[in-house]
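What does the chain below look like as a whole, and what can be said about its helices? Please look over the sequence and the model before reading on.

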Amino acid sequence: MSQPQKPDLEAMRSKMEEAFRENWKSFVLQGVILFLLGLIAVAVPAASTIAIELLLGWLILFGGLIAGYRALKSSESTARWSGLLGGLISVIAGVLLLVYPLQGVITLTLLVTAFLVAEGFSQMVLAWKLKPAKPWGWVFFSGIMALVLAGLVWSQFPGSASWLLGLMVGLNLMFAGSSLAATALSFRS
């Protein structure tokens, strides 16, 4: 039996660098647009939070409809019923997010808080396992910061629900846009 081939990382890196060199202007433009969208989201986090929640509602709704359609096309009865059930649950969740956006925002904020707690503890456990290695302290610090963020969100809950998603997505867009533009600029001729 043959072993799967390992990807040629050097070839992949070379192709990526070539793409950046050839298209650096479009990457810079994309980075600037992402940064500006992030800036808008940070400037009006409450509106951004509602917009994100509604977008998520539509995505879940359409995903459920597609899953239901695929299940109906399935020839296997087990796949059909489980697909229909999953699709129905997604459609219901999407409709609920669209009809009750404020409750959806509160639910999503609780999910983000739970994620931050889980991430914080998992980072701290990972750091403990890495302890003899040099970067363990940074990993542990990252875990503590995730717990601090969860604590800040929870201490302001439910008020934090009005701004959390918009602020987090906005900051992420700003950082992603900045890094993309900076990377692209480093490859210009």
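Predicted model: local features only at pLDDT ≥ 70, side-chain atom pairs only at ≥ 80, totals over all residues.

Residues are numbered from 1 along each chain as its sequence is written, and side-chain values use heavy atoms, with hydrogens and water left out.

The chain holds seven helices and zero strands, where helices (H or I, at least four residues) and strands (E, at least two) are DSSP runs numbered from the N terminus. Buried residues make up 25% of its 189 residues, buried meaning under 20% relative accessible area, exposed over 50%, and partly exposed in between, with a 1.4 Å probe and protein chains only.

Residues of α5 that are buried include G104, V105, L108 and T109, and the elements covering the buried residues of α5 include α3, α4, α6 and α7. The 30 residues of α5 should span 44 Å at 1.5 Å a residue, and the end C-alpha atoms are 42 Å apart, which agrees; the expected span is 1.5 Å times one less than the number of residues.

| Residue | Helix | Relative accessible area |
|---|---|---|
| L126 | α5 (residues 101–130) | 39% |
| V148 | α6 (residues 136–155) | 40% |

The C-alpha atoms of L126 and V139, 13 residues apart along the chain, are separated by 7.4 Å.

Key
Contact = heavy atoms within 4.5 Å.
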